[in-house]
Amino acid sequence: MRWGRLSAAITASSATKVRRARPAYAALWDKLAQGDFDAGEYRRLDKHGRDIWLQATYNPVFNAEGRVERILKIATDTTPSKILRAELKSTVDGLVDIVETISGIANQTNLLALNATIEAARAGEPGVALRWSRPK
């Protein structure tokens with residue numbers, strides 16, 4: 001895992017801290033140092049320590065000798081859409097819970113009505129409780 005010039009701005013001790021704190025982040029830079037491209041949605045922290053989400057591509061740039069010289073990162077902040085998706089998912093999950101509750105109540109009501117009909121049939125003349133008559 002050679003970081004070479006990619007780690008010029010990162011001291012050995014801070015690179016070790018990055019590896020311990022964020023193994024996936026360190027693995028990304030190891031992959032890039034080997035010349036592999038990477039793209040996806042990434043969680044990062046802004047200068048205030050808040051989560052931000054980036055849709056990004058990391059592209060190794062090679063020198064004349066074929067070694068990785070730098071990484072070209074092209075990124076778009078997708079934080080607002082990520083937040084919106086999370087809010088929509090929460091809303092949908094809440095609606096699913098409501099529908100399941102209503103369905104359970106409807107099933108219980110149907111069972112109570114069926115039970116009442118059976119009890120009425122047992123209590124009266126056969127077939128009388130199940131017969132509907134028009135009010136006079």
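These notes go through the fold, the core and the surface of a predicted model.

1. Overall layout. The chain has three helices and three strands. Read from the N terminus, the order of elements is α-α-β-β-β-α.

2. Burial and surface. Of the 136 residues in the chain, 18% are buried. The accessible surface of the chain is about 10600 Å², and carbon and sulfur atoms account for 59% of that area.

3. Helix 2. This helix covers residues 23-33, and its buried residues are Ala-26, Leu-28, Trp-29, Asp-30, Leu-32 and Ala-33. After helix 2 comes Gly-35, which has a positive phi, near 95°.

4. The core. The largest nonpolar core has eight residues: Leu-28, Trp-29, Leu-32, Tyr-42, Ala-56, Tyr-58, Val-68 and Ile-71. At least two residues of this core come from each of helix 2, strand 2 (51-62) and strand 3 (68-77). Helix 2 gives the most, namely three residues. As a general point, nonpolar side chains in soluble globular proteins tend to be buried together.

5. Apart from neighbours within four places in sequence, Ala-56 is in contact with Asp-38, Ala-39, Gly-40, Tyr-42, Ile-74 and Ala-75.

6. A surface patch. Leu-95, Ile-98 and Ile-102 make a nonpolar patch on the surface, and their accessible area together is about 300 Å². Leu-95 lies in helix 3, which runs over residues 79-123.

7. Contacts along the chain. Taking contacts between residues at least 6 apart in sequence, 29% link residues at least 24 apart.

Methods:
Residues are numbered from 1 along each chain as its sequence is written. This is a predicted model: local features need pLDDT of at least 70, side-chain atom pairs count only at pLDDT 80 or more; totals for chains, interfaces and linings use all residues. Side-chain values use heavy atoms; hydrogens and water are left out. Buried means under 20% relative accessible area, exposed over 50%, partly exposed in between (1.4 Å probe, protein chains only). Helices (H or I, at least four residues) and strands (E, at least two) are DSSP runs, numbered from the N terminus. A nonpolar core is a set of buried Ala, Val, Leu, Ile, Met, Phe, Trp, Tyr and Cys residues joined through side-chain atoms within 4.5 Å. Contact means heavy atoms within 4.5 Å. Patches are made of residues with over 30% relative accessible area and no salt bridge: like charges are joined within 9 Å, nonpolar side chains (Val, Leu, Ile, Met, Phe, Trp, Tyr) within 5 Å. Accessible areas come from the Shrake-Rupley method with a 1.4 Å probe; for residues, only the protein chains shown count as cover. A salt bridge is a side-chain nitrogen of Lys or Arg within 4 Å of a carboxyl oxygen of Asp or Glu.
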